[in-house]
Amino acid sequence: MKALVLSGGGAHGAYEAGVAKALLAREDFDVICGVSIGAINAALIAAGNDGALEHFWYREFPAHALRLFPHVPRLRRLIGHLGAIGQGNPWKDAMSVARTASALPFLRNLGNVHKTSLPVVADALAAMVDFKQLRKSLLVGATNASRASAVVFRASAGTNRLSVHRHPLTEYHDLTDENFVLALLASSAMPGLFSPIELTFGEESALYADGCLVHTSPLGLAIDNGATEVTVVFVDQELDSQTTDAAHNLPQMAYNIATLWQQRFLEYEVRLAAATNEVVRLGGAPGKRQISIRYVRPSRPLELDMLAFDDQSALVDAFERGLIDGAAPPRIKLPEAAPERAPVPAIAVAANDGERFWDSMRRIFARPSLKRTG
């Protein structure tokens with residue numbers, strides 16, 4: 001099963017949408033996975049009209065951003081004030097602190113702003129996606145803020161039925177026509193931009209928030225649900241400690257930390273996929289297929305901040321840059337291993353390939369603590 005995985009990143013989702021459009025022009029995917037703004041893009045692909053991605057990012061979003069998110073400009077100014085602290089002389093620093101403090105009444109009122117804008121945003125999104133027109137299977141990551149657990153909202157389309165999957169740290173809920181839009185908004189309820197959204201499943205109600213809190217990239221989500229050919233789209237440049245500029249203020253530090261966390265999490269999931277491939281190659285997982293992972297990400301930082309929803313020219317530039325990057329072959333993160341061989345009995349694997357298996361695991365994880373215990 002082929003999966004297209006779309007990560008979060010606020011207004012950087014314009015780049016991601018451009019990449020997705022370029023990829024979809026030349027290949028098909030069985031399931032679309034997304035978190036945060038990636039969930040919105042995924043829904044536009046799976047249940048939107050033709051040209052929905054361009055319409056959303058070129059016209060609909062920037063034209064109505066200030067009506068949908070009236071508090072965003074003030075949040076951007078607040079972040080700017082925080083970033084200016086420590087960048088000038090003591091007088092300028094004092095002014096930045098004072099400007100930051102002046103925003104406290106606004107922050108206390110954010111909950112009321114969220115409640116007022118939520119119905120407007122929901123109506124705008126409902127006009128662009130239609131669950132009844134779902135063409136591709138959909139997996140959307142979110143966070144259950146009430147129970148502190150990962151969440152997956154799911155829907156199957158056509159003959160491609162998603163397998164039933166259970167995980168002790170993840171709850172699964174089926175998408176329906178009634179909860180579709182609110183589930184998407186829950187996945188993209190970025191802290192500070194939106195309050196968590198209340199949803200009810202069965203007899204239990206809970207507050208659901210941004211999927212990026214637990215699924216920065218829903219790569220593992222795609223693999224857990226049966227994907228073996230995965231293409232991931234990132235919206236940030238890959239960090240390199242030798243070339244990345246040093247951060248000089250709090251917003252830059254926070255951004256670098258979040259990006260590093262994402263890359264480390266991705267590396268962990270890729271290692272698990274590589275271990276799975278090795279088990280399959282040795283014949284220890286009959287019926288399983290090896291996993292290949294490709295990715296697309298910008299080679300340099302995008303020239304817009306994550307809350308620039310109303311900057312139409314910057315959004316269009318990011319979308320078109322995504323079109324260019326998506327037209328190139330995706331980079332390979334995990335090549336397919338050697339051709340699969342016929343399954344062999346588990347006893348034979350243990351007797352003949354046990355030591356080779358552990359040698360393979362040591363090479364994949366490269367940690368001296370991984371030792372054979374039996």
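Me: How do you know that the local features count, and what are the ground rules?
Reply: Since this is a predicted model, local features need pLDDT of at least 70 and side-chain atom pairs count only at pLDDT 80 or more, while totals for chains, interfaces and linings use all residues. Residues are numbered from 1 along each chain as its sequence is written, and side-chain values use heavy atoms, with hydrogens and water left out.

Me: What makes a stretch a helix or a strand, and how many of each does the chain have?
Reply: Helices (H or I, at least four residues) and strands (E, at least two) are DSSP runs, numbered from the N terminus. On that basis the chain comes to 13 helices and 10 strands.

Me: Why is S36 called buried?
Reply: Buried means under 20% relative accessible area, exposed over 50%, and partly exposed in between (1.4 Å probe, protein chains only). S36 has 2% relative accessibility, so it counts as buried. Its place is in the loop between β2 and α2.

Me: What makes the phi of S36 and A148 worth a look?
Reply: Most residues other than glycine have a negative phi. S36 is not a glycine, yet it has a positive phi of about 55°. A148 is not a glycine either, and its phi is positive at about 55°.

Me: How do you know that strand β1 is covered on both faces?
Reply: In a regular strand the side chains alternate between the two faces of the sheet. In β1, K2, L4 and L6 lie on one side and A3 and V5 on the other, and all are buried. That gives 5 buried residues of 5 in β1 (residues 2-6).

Me: What makes α1 and α11 a crossing pair, and which residues meet?
Reply: Axes are lines fitted to C-alpha atoms, for helices over the stretch in contact, and angles run from 0 to 180 degrees between N-to-C directions. For α1 (residues 13-24) and α11 (residues 312-327), the axes come within 6 Å and cross at roughly 35°. Contact means heavy atoms within 4.5 Å, and among the residues making it are A14, Y15 and G18 of α1 and L315, A318 and F319 of α11.

Me: How are the residues of that contact sorted by class?
Reply: Ala, Val, Leu, Ile, Met, Phe, Trp, Tyr, Cys and Pro count as nonpolar, Asp, Glu, Lys and Arg as charged, and the others, Gly among them, as polar. The contact of α1 with α11 has 11 nonpolar, 3 polar and 3 charged residues.

Me: Why is the crossing of α1 and α2 called right-handed?
Reply: A crossing is left-handed if the near helix is turned anticlockwise from the far one by less than a right angle, and right-handed if clockwise. The crossing of α1 and α2 is right-handed, at an angle of about 35° with axes 10 Å apart. Here G13, E16, A17, A20 and L24 in α1 meet I37, G38, N41 and I45 in α2.

Me: What makes α2 mostly covered?
Reply: In α2 (residues 37-47), 11 of its 11 residues are buried.
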